[in-house]
Amino acid sequence: MSAALRPQRGQLPDLSRVTAVDETGVEERVARFRTRSIKTSSKVEALKLVLSMIDLTTLEGQDTPGKVRQLCQKAIHLHDSMPGLPTVAAVCVYPTMVAVAKRALGEHRIAVASVATAFPSGMAPLKVKLDDTKAAVDAGADEIDMVISRGAFLQGDYGYVFDEIAAIKEACGDAHLKVILETGELSTLDNVRRASVLAMHAGADFIKTSTGKIQPAATMPVTLVMLQAIRDFHTETGRMIGMKPAGGISNSKLAIHYLVMLRETLGTAWMTPEWFRFGASSLANDVLMQLQKQATGVYQSADYFSLD
Amino acid sequence: MDTQVNKLAFDGGWQYAPAPESTDHVTVDERYGLFIDGEFAEPAGGKYFDTVNPATEERLSQVALATEADVDRAVAAARKAYEGPWSKMKPAERGKYVYRIARILQERAREFAVIESLDGGKPIRESRDVDIPLAAAHFFYYAGWADKLDYAYPGRRARPLGVAGQVIPWNFPLLMAAWKLAPALACGNTVVLKPAETTPLTALKLAEVVRDAGLPPGVVNIVTGAGDTGSAVVSHPGVDKVAFTGSTAVGRMIMKAVAGTGKKYTLELGGKAANVIFADAAIDQAVEGIVNGIFFNQGHVCCAGSRLLVQEGVERELVARLKRRLATLRVGDPMDKNTDIGAINSQEQLGRIESYLKLGVDEGAEMFQASCPTPDRGYWCRPTIFTGVAQSNRIVQEEIFGPVLAIQTFRTLEEGIAKANNTPYGLSGGVWTDKGAKIFRMTQKVRAGVVWANTFNKFDPTSPFGGYKESGVGREGGLHGLGAYLSLES
């Protein structure tokens, strides 16, 4: 990866040059990924990779330190009766829970991601968003998941959205910045592509589909369009940007289809938790159940997998 | 864009394990006779020929070589069935038989898909998702017309023609059989069908379906063999209608053979379709359309988008994207569910394709091939693109019928149309643009039987298919396809 980009406010890229997206064509391509048949050793390897890419998430108004500590336990000990499992990539919480998560994870190499910038709506003044971000970073967050101002984006005020991302990036310091496009509110794939380009130029380390609070959350067509935008950004600048589909990916088969799509779009370099994450809460247990099935030939009931 | 600097890696890392489709449930007999008058029979000359799996070069089965005497018997059986039960049957009853064929095909879809891939080399994904479902759909579609012909041609009386002699190619063996049989039967004709010599198995399995569906003996007869057998079928005086799909060269011979005989005929021949990409097209989806247009079924497609016309402003970028996409195509075992490109249908066809590759290089074009490995045995050709070609190059003018794409540029819409039409063929075409107005201009001006907009190689039984100029005569599919099997009286 080349030298880090230092985006400046007002350096909006020329979005009129962003290529058009044909929705039908995207859906056809996705259907092809879904016909890939992933079996035996390749399935086991994929399932473990999926586990290692999960951002284990709790983003509820009713979250408590106790619940977050349990989540962290789960992040470290996915299923101890099955040896050789990876840990998840990160836990993802609200800013007020960052310190709790940080303590609970201790020396383990699991990142703490915090949503910020008036998540999930983003409807707050920039100053509040910057304070929100700084509070999370000060509490020890390794990664910040910000939301873009969809209202401004849909109004065509791309400069505002760009400058806001650049400002948050600056406030992040060393923390990685994931930019949530909330694609469920962007209405077209053309908008998804344009927002992806904008976010990457403004300093995103990762681009992320959704907050999980709006339906539809992550879908394969939306993720494909974002992956293609990442690919073209890499071709132009040499910089690798990460991708995080979030929300709606709750079973192993779908997660493996995402890996297929990732592999055939961005290649092998992106096939690590450093560059690809799943934002999910219930995916981990389904993957564990499938791994158990691969090992023993039979499914265990959901009661054999911890619910945290 | 410079892909050399910031290249993506598609090798190594997480790999797809082999995912072979099971073949346990399929039985292929050691030897197949001719299907005449409702049963399998020995050929008069007693000769058989091998049908080979092009992915392994191993023999799958032996198939009877039909001589003129066999064709005589088949035509006589078809005539008897026509005069007897079939043309006198109530149309709704006839329709029921055709529906029955469609349903049995659906029930046995997996078996047919496996045999199609074994015998022809096409990826199981395609035979499973395209060939077999479409074949069944054709029978379903035309079954519905059987008792509605009077409504198709109001004020006129539609009558069947008699015995249809049908010769089909090796690229979509079962699907082409369905295209031929379904309208013929629904309209009340009887049939003598000759499948291609390299891919006879699914047609012979279809004979089993016809028998199981309880069609009266002689309504469908299937005679196997090579060019001589086909020639005997189309030139037989007892045949009232000839339907052929295949090369333009053979199509010419058939036209001569039927000239002055009063036989009705439809010919669906070669193509050299232009796939036209405008600068404003959704470029990633266009790349997929190009891949689907030329590499579907190893490029053994008469309507393949074998000429790519790119608006000059996006040529470099498009070619770079296309080359990168080729790196992710999986060439190999047709039975693996993850294979994108299977085996070339026969050694003969591989030789023809390779001679064109050499020709392209000799003509001064720049050749690029995907770097994927190919198996040691079997007939394989890597996806290939030629750049720096001109209208005067033979690789631009002639049908290669393989995974070979010739790329040219154009500046204005008018130049795009002119280049697209500057070919002896006119079967299909494609246009890729974000502007509706350009789509209308192109579809009005490109002289081809079908022009796809922002997609390619889409087929449906309700849609007519056929060519201009050397691409053929008549239409198959849809309402148009019915007319070819009827005489209309007022």
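## A tour of chains A and B

Select chain A to begin: of its 308 residues, 53% count as buried (a residue is buried if 20 or more other C-beta atoms, placed from the backbone, lie within 10 Å of its own). You are looking at a predicted model, where local features need pLDDT of at least 70 and side-chain atom pairs count only at pLDDT 80 or more, while totals for chains, interfaces and linings use all residues. Residues are numbered from 1 along each chain as its sequence is written, and chains are lettered from A and ligands numbered from 1 in the order in which they are written.

**Stop 1: chain A as a whole.** Switch to a cartoon view and you can look for eleven helices and eight strands in chain A. Helices (H or I, at least four residues) and strands (E, at least two) are DSSP runs, numbered from the N terminus. The C-alpha atoms of chain A fill a box of roughly 55 × 45 × 35 Å along the principal axes.

**Stop 2: where the chains meet.** Now show both chains. The contact takes 32 residues from chain A and 27 residues from chain B (two residues are in contact if their C-beta atoms, placed from the backbone, lie within 7 Å). On the chain B side, select residues 283-295: this is helix 10, which gives the most, with five residues.

**Stop 3: strand 10 of chain B.** Select residues 241-245 of chain B; five of the five residues of this strand are buried. Lys241(B), Ala243(B) and Thr245(B) lie on one side, with Val242(B) and Phe244(B) on the other. In a regular strand the side chains alternate between the two faces of the sheet.

Strand 7 (residues 163-167) of chain B pairs with strand 10 in the parallel sense over four bridges, and Val167(B) stands opposite Phe244(B). Strand 11 (residues 264-268) of chain B also pairs with strand 10 in the parallel sense, over five bridges; here Thr245(B) stands opposite Glu268(B). Two strands pair if DSSP finds at least two bridges between them.

**Stop 4: an open sheet in chain B.** Look for seven strands in the order 14-15-16-13-12-17-18, with mixed pairing. Strand 14 (366-369) and strand 18 (450-453) of chain B stand at the edges, each with a single partner strand, so one side of each has no neighbour in the sheet. Finally, select strand 12 (residues 274-277) and strand 17 (residues 428-432) of chain B, which run parallel and are joined by four bridges. Asn275(B) has Gly430(B) as its bridge partner in strand 17.

Methods
Buried ≥ 20, exposed ≤ 12 C-beta atoms within 10 Å, placed from the backbone.
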